[in-house]
Amino acid sequence: IVDDVEGALWNPSLIDETRLSKDKEKELSQIIVAVDPAVTSHENSDETGIVVVGKDKQNEFYVLEDLSGRYSADKWGTIAIRAFYEWEADRIVAEVNNGGDLVERLIRTIDTNVPYRQVRASRGKMMRAEPIAALYEQRRVHHLGYFAELETQMCTYVGDTKPSPDRLDALVWGLAELSKSRGDVAWRVS
């Protein structure tokens with residue numbers, strides 16, 4: 001249970017209002033595996049954020065799976081590619097600020113056929129997250145089931161703090177790719 005945290009872009013009730021059962025079947029038009037890779041994997045390292053998100057034809061968004069954890073590069077690469085195939089995803093999107101071309105090289109070494117796109121953070125985490133939080137406020141993002149660690153990061157992150165909110169970063173990258181927001185929310189016109 002997470003209380004409302006002043007300054008956080010999300011709160012538990014905002015997520016709960018649109019939460020759906022894991023068993024709820026959805027026809028999705030696009031699925032993304034989003035990765036925020038850590039560059040080390042020792043016990044004090046950041047986690048690698050790996051979040052699977054999808055979108056339907058009505059421009060509703062779904063958080064499908066959180067596979068984040070503290071992994072070696074080979075391990076997170078294998079997990080992301082396995083998720084790509086299991087979810088029949090359209091592509092893997094990965095942040096390359098820490099790792100640069102090595103991120104794509106790792107993915108291509110494991111599987112040359114996976115569609116991949118790199119993204120680079122040029123603004124702060126809060127600024128990148130604001131358009132995605134707006135999608136939640138519009139009640140357009142649905143969590144299929146519970147993602148305790150991801151939701152805790154979402155509801156407690158208030159700025160550049162340690163540890164890094166890697167699960168949240170992966171969520172933001174994935175939903176930004178699906179919404180094509182990258183800073184401007186694709187607002188629904190009624």
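Student: Why does Arg-139 count as partly exposed?

Tutor: Its relative accessibility is 33%. Buried means under 20% relative accessible area and exposed means over 50%, with partly exposed in between (1.4 Å probe, protein chains only). The value of 33% falls in between, so Arg-139 counts as partly exposed. This is a predicted model, in which local features need pLDDT of at least 70 and side-chain atom pairs count only at pLDDT 80 or more, while totals for chains, interfaces and linings use all residues. Residues are numbered from 1 along each chain as its sequence is written, and side-chain values use heavy atoms, with hydrogens and water left out.

Student: Where is Arg-139 found, and what is its phi near?

Tutor: Arg-139 sits in the loop between H4 and S6. Its phi is near 65°, a positive value in a residue other than glycine. Helices (H or I, at least four residues) and strands (E, at least two) are DSSP runs, numbered from the N terminus.

Student: What makes Asp-169 buried?

Tutor: The relative accessible area of Asp-169 is 5%. That is under the limit for buried, so the word applies. Asp-169 lies in helix H6 and touches Asp-36, Lys-125, Arg-128 and Ser-164, not counting residues up to four places away in sequence. Contact here means heavy atoms within 4.5 Å.

Student: At what angle do H4 and H6 pack, and how far apart are their axes?

Tutor: Helix H4 (residues 125-137) and helix H6 (residues 166-179) pack at about 60°, and their axes are 10 Å apart. That angle makes H4 oblique to H6. Under 35 degrees counts as roughly parallel, over 145 as roughly antiparallel, 65 to 115 as roughly perpendicular, and the rest as oblique. Axes are lines fitted to C-alpha atoms, for helices over the stretch in contact, and angles run from 0 to 180 degrees between N-to-C directions.

Student: Which residues of H4 and H6 meet?

Tutor: From H4 come Lys-125, Arg-128, Ala-129, Ile-132, Leu-135 and Tyr-136; from H6 come Asp-169, Leu-171, Val-172, Trp-173, Leu-175, Ala-176 and Ser-179. By class, this contact of H4 with H6 has nine nonpolar, one polar and three charged residues. Ala, Val, Leu, Ile, Met, Phe, Trp, Tyr, Cys and Pro count as nonpolar, Asp, Glu, Lys and Arg as charged, and the others, Gly among them, as polar.

Student: What makes H5 roughly perpendicular to H6?

Tutor: The axes of helix H5 (residues 148-156) and H6 come within 8 Å and cross at roughly 85°. This angle is in the range for roughly perpendicular, which is why H5 is given that description relative to H6. In H5, Glu-149, Leu-150, Gln-153 and Met-154 meet Asp-166, Arg-167, Leu-168 and Leu-171 of H6. The contact of H5 with H6 divides into four nonpolar, one polar and three charged residues.

Student: Why do S5 and S6 stand at the edges?

Tutor: The open sheet has six strands in the order S5-S4-S1-S2-S3-S6, with mixed pairing. Strand S5 (116-119) and strand S6 (141-143) each have a single partner strand, so one side of each is left without a neighbour in the sheet. The twist from one strand to the next averages 25°.

Student: How many bridges join S2 to S3?

Tutor: Five bridges join strand S2 (residues 49-56) to strand S3 (residues 61-66), and the two run antiparallel. Two strands pair if DSSP finds at least two bridges between them, so S2 and S3 qualify. Gly-54 stands opposite Tyr-62 in S3.

Student: In what sense do S1 and S2 pair?

Tutor: S1 and S2 pair in the antiparallel sense, over eight bridges, and Gln-30 stands opposite Lys-55 in S2. S1 and S4, by contrast, run parallel and are joined by four bridges; there Ile-32 has Arg-91 as its bridge partner in S4.

Student: How do you know that S1 is mostly covered?

Tutor: Strand S1 (residues 28-36) has nine residues, and seven of them are buried.
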